[in-house]
Amino acid sequence: MEWETGNISSSHRAVNKMVLGLLRGVFLGTALILPSRKIYPYLTDRIGNYEELEPYFDVWRAVNIQEGFLAIFVIEHDQLDSNVPTLTKGTDGRALV
């Protein structure tokens, strides 16, 4: 399982490693968790997200996996509360001190 915190290239690498592990019989099941584009504005810049990865699903579906599964889960926020201050968003992936 991988919780995606990298950019979209990192998301592709993660799925490719999981598929390779399934093909080699190293894994019986794999899962990638990544945000939706709706939550994207509240994360650091260029985090991989479901909507950017989804066009490539046909590529991974075409892989002949004999046993096991690849799951991709998307997360997003339930709601926003204007009474709670948001964290300052940086552009370098690092929190402000």
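Trainee: Which side chain meets that of D58 in a salt bridge?

Mentor: Before answering, keep in mind that this is a predicted model, in which local features need pLDDT of at least 70, side-chain atom pairs count only at pLDDT 80 or more, and totals for chains, interfaces and linings use all residues. Residues are numbered from 1 along each chain as its sequence is written, and side-chain values use heavy atoms, with hydrogens and water left out. A salt bridge is a side-chain nitrogen of Lys or Arg within 4 Å of a carboxyl oxygen of Asp or Glu, and by this rule the count comes to 1 salt bridge. With an N to O distance of 3.1 Å, the partner of D58 is R61.

Trainee: In which helix do D58 and R61 both lie?

Mentor: Helices are DSSP runs of H or I with at least four residues, strands are runs of E with at least two, and both are numbered from the N terminus. D58 and R61 are 3 residues apart, which is about one turn of the helix, and the helix that holds them both is α3.

Trainee: Is R61 buried or exposed?

Mentor: Buried means under 20% relative accessible area, exposed means over 50%, and partly exposed lies in between, with a 1.4 Å probe and protein chains only. D58 has a relative accessible area of 56%, so D58 is exposed. R61 has a value of 60%, and therefore R61 is also exposed.

Trainee: Why does A14 count as buried?

Mentor: In soluble globular proteins, nonpolar side chains tend to be buried together. A14 has its place in helix α1 and is a member of the largest nonpolar core. A14 counts as buried because its relative accessible area is 1%.

Trainee: How far apart in space are H77 and I39, C-alpha to C-alpha?

Mentor: H77 is found in the segment after β3, and H77 counts as partly exposed because its relative accessibility is 27%. Although H77 and I39 are 38 residues apart in sequence, the distance between their C-alpha atoms is 6.4 Å.

Trainee: And what is the distance in space between N7 and V63, C-alpha to C-alpha?

Mentor: N7 has its place in the loop between β1 (2–3) and α1, and at 36% relative accessibility N7 counts as partly exposed. N7 and V63 are 56 residues apart in sequence, and their C-alpha atoms are separated by 24 Å.

Trainee: What is the relative accessible area of R24?

Mentor: R24 has its place in the loop between α1 and β2, and its C-alpha atom is 15 Å from that of W60, which is 36 residues away in sequence. R24 is exposed, because its relative accessible area is 63%.

Methods. Core = buried A, V, L, I, M, F, W, Y, C linked by side-chain atoms within 4.5 Å.
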